[in-house]
Amino acid sequence: MTQAAPRTHAGMFTGNAPGGGDRTFHVFTTIAVADNTVAGTVWEVARIPSNARILPGSWIATDDLETASNTPTLDIGLAAVNGNITSDADAIQAGVTAATAGVTPLIANTSHQLWGKKAWEYVNGQTSDPGGFLDVTVSLLDFNATEPGDVSVYLVYQVE
């Protein structure tokens, strides 16, 4: 797995003062996808607490990463840290097209049942909070990226 360095700024942290209440975090990560990046490549874009609530307003943006008629796709998943879960490559979002430039919400506006779920609740088969942290991943699937470009992930989450 390739690790992309999340970019944060002190001004991006909001929430209640120390000593109580929820705290909202914003993480922005850009992956520079090289020409002919192989399908199956996985990037780690953030490490979040397993009990983090992924909020609406989170998104993934992609450049057009293909020049042929093939359609590479991206899955956004959650991976184990120190073996605390069984990794789920498409836990958050599956099949985001990378054949055209665009922005896709991680939590669809029509999926109200997903709003406010804790990260561990997105993992297939997980029935309880494993504790610790989970890695948010982006996987390139189906076809190689035949054109270089960027993939950006903006993740908004809240910790109680």
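Visitor: Which residues touch the most other members in the largest nonpolar core?
Guide: Ile 48, Ile 60, Leu 78, Val 136 and Val 138 do, in a core of 35 residues. A nonpolar core here is a set of buried Ala, Val, Leu, Ile, Met, Phe, Trp, Tyr and Cys residues joined through side-chain atoms within 4.5 Å. Buried means under 20% relative accessible area, exposed means over 50%, and partly exposed is in between (1.4 Å probe, protein chains only).

Visitor: Which elements each supply at least two residues of this core?
Guide: Strands S3 (23–33), S4 (42–49), S7 (73–79), S8 (88–97), S10 (133–141) and S11 (149–159) do, along with helix H1 (119–122). S11 gives the most, with 5 residues. Helices (H or I, at least four residues) and strands (E, at least two) are DSSP runs, numbered from the N terminus.

Visitor: Why would such side chains sit together?
Guide: In soluble globular proteins, nonpolar side chains tend to be buried together.

Visitor: Before we go on, what kind of model is this?
Guide: It is a predicted model, where local features need pLDDT of at least 70, side-chain atom pairs count only at pLDDT 80 or more, and totals for chains, interfaces and linings use all residues. Residues are numbered from 1 along each chain as its sequence is written, and side-chain values use heavy atoms, with hydrogens and water left out.

Visitor: Got it. How many helices and strands in the protein?
Guide: There is 1 helix, and there are 11 strands. From the N terminus the order is β-β-β-β-β-β-β-β-β-α-β-β. Of the 160 residues in the protein, 42% are buried.

Visitor: New topic: how many salt bridges does the structure hold?
Guide: It holds 3. The term means a side-chain nitrogen of Lys or Arg within 4 Å of a carboxyl oxygen of Asp or Glu.

Visitor: What does Asp 135 form a salt bridge with?
Guide: Its partner is Arg 47, and the closest N and O atoms are 2.7 Å apart. The pair links distant parts of the chain, with Asp 135 in strand S10 and Arg 47 in strand S4, 88 residues apart.

Visitor: And is Asp 135 buried or exposed?
Guide: Asp 135 counts as buried because its relative accessibility is 3%. Arg 47, at 45%, is partly exposed.

Visitor: Which residues are linked in a network of salt bridges?
Guide: Arg 53, Lys 118 and Glu 160 are. Arg 53 and Glu 160 have their closest N and O atoms 2.7 Å apart. Arg 53 lies in strand S5 (residues 53–54) and Glu 160 in the segment after S11, so this pair ties together parts 107 residues apart in sequence. Lys 118 meets Glu 160 at 3.8 Å, N to O. Lys 118 is in the loop between strand S9 (102–105) and H1, so that pair ties together parts 42 residues apart in sequence.

Visitor: Now the loops. What is phi of Asn 36?
Guide: It is near 65 degrees, a positive value in a residue other than glycine. Asn 36 sits in the loop between S3 and S4 and counts as partly exposed because its relative accessibility is 48%.

Visitor: And what is phi of Asn 82?
Guide: That one is near 60 degrees, again a positive value in a residue other than glycine. Asn 82 lies in the loop between S7 and S8, and at 80% relative accessibility Asn 82 counts as exposed.
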